[in-house]
Amino acid sequence: MGCCIIRPSDFDFKKGYIILVSKGLKVLIVEDDPMMRLGLQHSLAEQAGIVVVAAVENGEQGVVAVGQFLPDLVVMDIGLPGLDGIAVTEKIKATHPDIRVVMLTSHTAETEIIAALSVGADAYCVKGTSVTQLMRAIAAVQEGGTYLDAAIAQTIVTQLTATQRQQHSKATPPAIIGQLSTREMEVLQLIVEGYSNPDIAAKLYLSPNTVKTYVRSLMNKLAGNDRVQAAVVALRSGLVP
């Protein structure tokens, strides 16, 4: 996961920011808007423990910069000249699957959201989000989770619910329902609503490690490879309204 370590005590839920420790989280910015790029550079550089290794203006430069700097995390726009952010993310994940990618974009179409997640994007944030929210997304993906902007999460939930109704999917087998504890059902509901692991921990008064254990258990029981797939199964089966 790189040189950055996030401990439960490093996240201040009241103040809404994280303290990144060790040698620092190496971040690459891929953004074509010069003002946005400069603003991200300054905002992220001011955060404790973050080192902005480069900020480039197009997809091709992004691919090259990943190979040159080997960042821990990339903040990626979608609407880039040449290679778009989705194509760049796919290339990054093909060669460096451990590098986290946080999409930060004005694009909110369902097809683009799903395409970005399907090629391996770890977080999807909408431009205009606060630095605090962006840092929460970074914290979530560095812990191995997935982060979705609240508005984006609702879009996905709406799309999946519509698909569920169209397909008239079968209900979850009673045996599976019986395997889920009350706490697992609570965690599953919050996953479907788009909450990150740290946010779930705060809402349920659990440690982040305990939440990660519940998430892994849910993925195993629902036969999902990640949080998004577990949410899809829960919605399509009617397990979560």
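Trainee: How many helices and strands are there in the protein chain?

Mentor: The model is a predicted one. Of the 241 residues in the protein chain, 47% are buried. Its secondary structure comprises 11 helices and 8 strands.

Trainee: Which residue in β8 is the bridge partner of Ala123?

Mentor: Strand β7 covers residues 123-126, and its parallel pairing with β8 runs over 2 bridges. Ala123 has as its bridge partner in β8 the residue Tyr147.

Trainee: Is β3 largely enclosed or left open by the rest of the structure?

Mentor: Buried here means under 20% relative accessible area. By that cut-off 5 of the 6 residues of β3 are buried, so the strand counts as largely enclosed.

Trainee: What is the handedness of the β-α-β crossover from β3 to β4?

Mentor: β3 and β4 pair in the parallel sense over 6 bridges, and Val56 in β4 is the bridge partner of Val30. Between the two strands the chain passes through α1. The crossover is right-handed.

Trainee: Which residue of β5 stands opposite Val30?

Mentor: β3 also pairs with β5, again in the parallel sense, over 4 bridges. In β5, the residue opposite Val30 is Met76.

Trainee: Which residues have the most contacts inside the largest nonpolar core?

Mentor: That core has 26 residues. Met76 touches Val30, Ile92 and Met103, among others, once its neighbours within four places in sequence are left aside. A second, separate core of 20 residues includes Leu188, Leu218, Leu222 and Ala231. In the largest core, the residues with the most contacts are Leu28, Val30, Val74, Met76, Ile92, Met103 and Tyr124.

Trainee: Which residues of α5 meet Leu40, Ser43 and Leu44 in α1?

Mentor: α1 packs against helix α5 (residues 131-142) at an angle of about 70 degrees, and the axes are 11 Å apart. The two helices are therefore roughly perpendicular. On the α5 side, the residues met are Val131, Leu134, Met135 and Ile138.

Trainee: Which residues in helix α8 are buried?

Mentor: α8 covers residues 182-192. After the helix comes Gly194, with a positive phi near 95 degrees. Within α8, the buried residues are Glu184, Val187, Leu188, Leu190, Ile191 and Val192.

Trainee: What share of the contacts with a separation of 6 or more comes from residues 24 or more positions apart?

Mentor: Contact here means heavy atoms within 4.5 Å. Among contacts in the protein chain with a separation of 6 or more, the share from residues 24 or more positions apart is 63%.

Note on methods:
Residues numbered from 1 in each chain as written. Predicted model: local features only at pLDDT ≥ 70, side-chain atom pairs only at ≥ 80, totals over all residues. Heavy atoms only, no water. Pairing = 2+ DSSP bridges. Core = buried A, V, L, I, M, F, W, Y, C linked by side-chain atoms within 4.5 Å. Buried < 20%, exposed > 50% of the residue type's maximum accessible area, 1.4 Å probe, protein only. Right-handed = clockwise from strand over helix to strand, strands pointing away. Axes fitted to C-alpha atoms, helices over the stretch in contact; angles between N-to-C directions. Parallel < 35°, antiparallel > 145°, perpendicular 65-115°, else oblique.
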